[in-house]
Amino acid sequence: MASTAPQTGTAMPAEWRDFFTLTKPRVMTLVIFTAICGVLAAPGSIHPVLGFTAILAIAMGAGGSAVLNMWWEADIDAGMKRTMNRPLPGGRMQREDARDFGIFLSGVSVLLMGVAIGWLAAALLLLAIIYYAVIYTMWLKPRTPQNIVIGGGAGAFPPLIGWVAVTGEVTAMPILLFAIIFFWTPPHFWALALFVEADYAKVGIPMMPVVAGEKPTRRQIWWYTVLLAPIAIAPWVIGGTSWLYGMTAVTLSLLFAWLAWPVGSRMRAAEGDKMLPEKKLFKFSIYYLFALFAALVADRVAAYQGWIA
Amino acid sequence: MTPEEQKEFERRRKSRNLVVAGTLLFFVMLFYAITIVRIGDG
């Protein structure tokens with residue numbers, strides 16, 4: 001694969017920090033957090049060492065697939081202000097090194113999960129990696145404006161895998177956790193895409209605001225937010241949690257809708273608009289997910305301790 | 001390679017080797033711990 005990035009001349013070894021940057025550490029904080037929540041909220045117990053290992057394997061798998069994503073998209077990243085300084089478009093690293101690092105990290109993560117925890121969790125982890133690195137990054141992202149909806153599926157795996165690492169089986173609750181992140185991702189990401197729209201247009205990624213226009217994107221932000229609410233509340237409705245989680249989910253869903261409405265109902269933003277409602281929604285959506293999962297863990301821990309029914 | 005580049009080359013190689021060594025050591029300890037825990041299970 002020919003590199004278009006400027007090379008530093010001699011084969012200067014890349015900084016280890018650049019390898020670390022390839023794993024998208026900021027995305028990984030959300031991955032690790034939701035995976036921990038999956039482990040803690042699952043019924044039954046897991047030895048702390050094994051719980052830690054499961055989280056580590058999930059984090060490594062997420063990191064490995066992020067590396068493969070950056071390897072594949074180096075040319076696209078080079079064309080966007082937000083990403084042009086990543087290690088590959090910045091020319092601080094050889095592409096083949098990134099590819100090999102991604103494959104190695106992914107492979108080790110699956111083996112670690114299989115050997116230490118179990119092969120069902122390992123198979124789900126492998127599925128998540130292939131889903132993100134191949135199905136999403138290589139196949140669908142450059143082809144459909146629903147790419148974010150599909151990409152959300154990749155981000156939705158960590159709590160599911162964390163849960164299954166403890167219980168060894170796929171039940172309704174971990175699938176609901178998956179669904180929550182799945183439906184949360186479109187409003188979360190499209191809010192961002194609305195205020196960085198210009199960049200995606202330039203590199204030819206069919207982001208919803210670019211392809212379908214701003215207005216349909218706003219409508220879809222609203223409708224995904226509406227869809228998300230019953231799914232977020234469902235764990236309580238099916239009896240998987242107590243009122244503690246239920247009330248938190250209801251409150252957070254109302255807040256989300258309250259902030260999504262101004263974004264969803266707006267017509268095209270005027271030239272030079274500061275896009276404040278969109279920025280507000282994007283920021284809130286991150287707090288929303290943290291708060292919802294934290295409430296789930298608090299609810300379950302309280303229940304297992306016998307503090308609430 | 002100029003002397004400065006040589007120096008930078010060696011600095012990077014050293015820091016990478018340290019990270020690899022640390023990671024390996026960590027995994028040795030982790031696998032030891034996993035083994036102990038899983039033997040305890042059985």
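This is a predicted model: local features need pLDDT of at least 70, side-chain atom pairs count only at pLDDT 80 or more; totals for chains, interfaces and linings use all residues.
**Entry 1: chain B**

I began with chain B. I counted 1 helix and 0 strands in chain B. Its C-alpha atoms fill a box of roughly 60 × 10 × 5 Å along the principal axes. Then I asked how many of its 42 residues count as buried. The figure came out at 2%.

I picked Gly22(B) to look at up close. Gly22(B) sits in helix H1 of chain B, which covers residues 3-41. Is Gly22(B) buried or exposed? I found 10 C-beta neighbours inside 10 Å, so Gly22(B) counts as exposed, the cut-off for that being 12 or fewer. I also checked Gly22(B) against Thr2(B), 20 residues away along the chain, and their C-alpha atoms are separated by 30 Å.

Next I looked up the record. An unreviewed UniProt entry annotates residues 18-39 of chain B as "transmembrane region". In the model that span is 100% helix and 0% strand, and its end C-alpha atoms lie 32 Å apart.

**Entry 2: where chain B meets chain A**

I looked at the contact between the chains. It takes 13 residues from chain B and 10 residues from chain A. The chain B side has 7 nonpolar, 1 polar and 5 charged residues.

**Entry 3: the domains of chain A**

Chain A comes in two parts, domain 1 (24-168) and domain 2 (171-309). I noted 21 Å between their centres, taken over C-alpha atoms. The contact between them uses 28 residues of domain 1 and 26 residues of domain 2 of chain A.

Which helices supply the domain 1 side of that contact? Helix H2 (25-41), helix H7 (147-155) and helix H8 (157-167) of chain A each give at least two residues. H7(A) gives the most, with 7 residues. By class, I wrote down 16 nonpolar, 9 polar and 3 charged residues on this side of domain 1.

**Entry 4: annotated spans in chain A**

Chain A has "transmembrane region" annotations too, again from an unreviewed UniProt entry; among them are residues 101-134 and 221-238. I compared how the model draws these two spans. Residues 101-134 of chain A are 94% helix and 0% strand, with end C-alpha atoms 16 Å apart. Residues 221-238 of chain A are also 94% helix and 0% strand. The end C-alpha atoms of 221-238 are 26 Å apart.

**Entry 5: the nonpolar core**

I went looking for the largest nonpolar core and found 97 residues in it. Those with the most contacts inside the core include Ala54(A), Ile58(A), Met113(A) and Leu292(A). The core draws at least three residues from each of domain 1 and domain 2 of chain A.

I followed up on Ile58(A). Leaving out residues up to four places away in sequence, Ile58(A) touches Val31(A), Ala35(A), Leu125(A), Pro158(A), Ile161(A) and Gly162(A). Of these, Leu125(A) and Ile161(A) are also on the list of residues with the most contacts inside the core.

Most residues other than glycine have a negative phi. Lys24(A) lies in the loop between helix H1 (16-22) and H2 of chain A. With 18 C-beta neighbours inside 10 Å, Lys24(A) counts as partly exposed.

Met275(A) has a positive phi as well, about 55°, and is not a glycine. I found Met275(A) in the loop between helix H13 (243-265) and helix H14 (276-304) of chain A. Met275(A) is partly exposed because 18 other C-beta atoms lie within 10 Å.

Technical notes. Residues are numbered from 1 along each chain as its sequence is written. Chains are lettered from A and ligands numbered from 1 in the order in which they are written. Helices (H or I, at least four residues) and strands (E, at least two) are DSSP runs, numbered from the N terminus. A residue is buried if 20 or more other C-beta atoms lie within 10 Å of its own, exposed if 12 or fewer, and partly exposed in between; C-beta atoms are placed from the backbone. Domain bounds come from an automatic or database domain assignment. Two residues are in contact if their C-beta atoms, placed from the backbone, lie within 7 Å. Ala, Val, Leu, Ile, Met, Phe, Trp, Tyr, Cys and Pro count as nonpolar, Asp, Glu, Lys and Arg as charged, and the others, Gly among them, as polar. UniProt positions are given in the numbering used here, feature names are shortened, and annotations may be inferred rather than shown by experiment. A nonpolar core is a set of buried Ala, Val, Leu, Ile, Met, Phe, Trp, Tyr and Cys residues joined through C-beta atoms within 7 Å.
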